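Thanks for opening this one with me.

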Amino acid sequence: MADASDDLGIPMKPARPVVPGPGAPVKPPTMPPRAPDLARAGEAIRPPEALRRPGDPVTPPRRSETEIRKLIVGREITLSGEITSCDMLMVEGSVEANLTNCRDVDIAESGLFKGSAAIEEAEIRGRFEGNLVVRKRLLIKASGRVSGTIRYGQIEIECGGQISGDIQAQPSAEPELMTTEGAAARAAG
């Protein structure tokens with residue numbers, strides 16, 4: 001009976017390494033090629049990003065502190081409705097809206113805002129008509145026109161700026177600083 005290994009073409013004995021003869025030149029061992037340096041001088045090495053598997057929930061990237069939510073209504077654009085949760089509204093066109101939960105409003109010379117707004121700060125170079133509550137600073141530039149019911153923490157009106165309607169200063173929202181003299185006078189009174 002013949003060997004099964006012969007049928008498969010597998011030699012029974014391991015192959016012998018070829019040994020060069022006594023007069024053959026000797027080659028130095030070859031080294032695998034070296035991988036190029038991943039980081040160049042002066043560059044920071046960043047850790048590899050984690051791989052996301054198909055079943056993993058997608059987490060949205062966090063907004064940086066410098067990133068703001070800004071809405072710009074461009075020239076010759078008309079917007080009406082309700083605007084909520086924006087950090088800054090820039091009006092170059094026309095807006096007829098109720099504005100809530102917004103920090104800053106900037107109305108350009110070509111801009112018109114009709115409606116109500118409760119905000120932190122405003123700079124008006126165009127027109128505002130309606131109910132305006134500015135908790136901090138209201139700045140009306142020389143070309144600005146504000147009319148309606150206006151409440152403000154601080155106001156600045158450049159020469160030429162106009163304001164009309166029911167206008168009142170609001171009490172400061174910041175806590176009153178008490179001096180030791182003021183505290184003693186209140187305690188004595």
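1. A definition to begin with: a residue is called buried under 20% relative accessible area, exposed over 50%, and partly exposed in between, using a 1.4 Å probe and protein chains only. By that scale E158, with a relative accessible area of 30%, is partly exposed.

2. A word on provenance, please keep it in mind throughout. This is a predicted model, in which local features need pLDDT of at least 70 and side-chain atom pairs count only at pLDDT 80 or more, while totals for chains, interfaces and linings use all residues. Residues are numbered from 1 along each chain as its sequence is written, and side-chain values use heavy atoms, with hydrogens and water left out.

3. On the overall layout, the chain has 2 helices and 8 strands; here helices (H or I, at least four residues) and strands (E, at least two) are DSSP runs, numbered from the N terminus. Reading from the N terminus, the order is α-β-β-β-β-β-β-β-β-α.

4. Which share of the 189 residues is buried? The figure is 21%. The accessible surface of the chain is about 15000 Å², and carbon and sulfur atoms hold 55% of that surface (Shrake-Rupley method, 1.4 Å probe; for residues, only the protein chains shown count as cover). Among contacts (heavy atoms within 4.5 Å) with a separation of 6 or more, 4% join residues 24 or more positions apart.

5. Do look at the aromatic rings. Rings of Phe, Tyr and Trp (its six-membered ring) pair if their centres lie within 6.5 Å; planes under 30 degrees apart count as stacked, over 60 as edge-to-face and the rest as tilted. That rule gives 1 aromatic pair. The ring centres of F113 and F128 are 5.1 Å apart with planes at 5°, so this pair is stacked. It links distant parts of the chain, with F113 in strand 4 (residues 112–119) and F128 in strand 6 (residues 127–140), 15 residues apart. F113 is buried at a relative accessible area of 1%, and F128 is buried too, at 2%.

6. Next come the salt bridges, each a side-chain nitrogen of Lys or Arg within 4 Å of a carboxyl oxygen of Asp or Glu. How many does a search of the whole structure find? The search returns 10 salt bridges. One of them joins K141 to E158, with the closest N and O atoms 3.2 Å apart. K141 sits in the loop between strand 6 and strand 7 (145–157) and E158 in the loop between strand 7 and strand 8 (162–169), so the pair ties together parts 17 residues apart in sequence. K141 is partly exposed, at 21%.

7. R151 and D166 also meet through their side chains in a salt bridge (2.9 Å, N to O). R151 belongs to strand 7 and D166 to strand 8, so this pair ties together parts 15 residues apart in sequence. D166 is partly exposed at 36% relative accessibility.

8. Another salt bridge brings together the side chains of D104 and R103 (3.4 Å, N to O). D104 is buried, with 17% relative accessible area, whereas R103 is partly exposed at 36%. Separately, a network of salt bridges links D106, E123 and R125.

9. Finally, two backbone angles. Most residues other than glycine have a negative phi. S85 has a positive phi, near 55°, and is located in strand 2 (residues 78–91); this residue is partly exposed at 33%. N101 has a positive phi near 55°, lies in strand 3 (residues 94–107), and is exposed at 54%.
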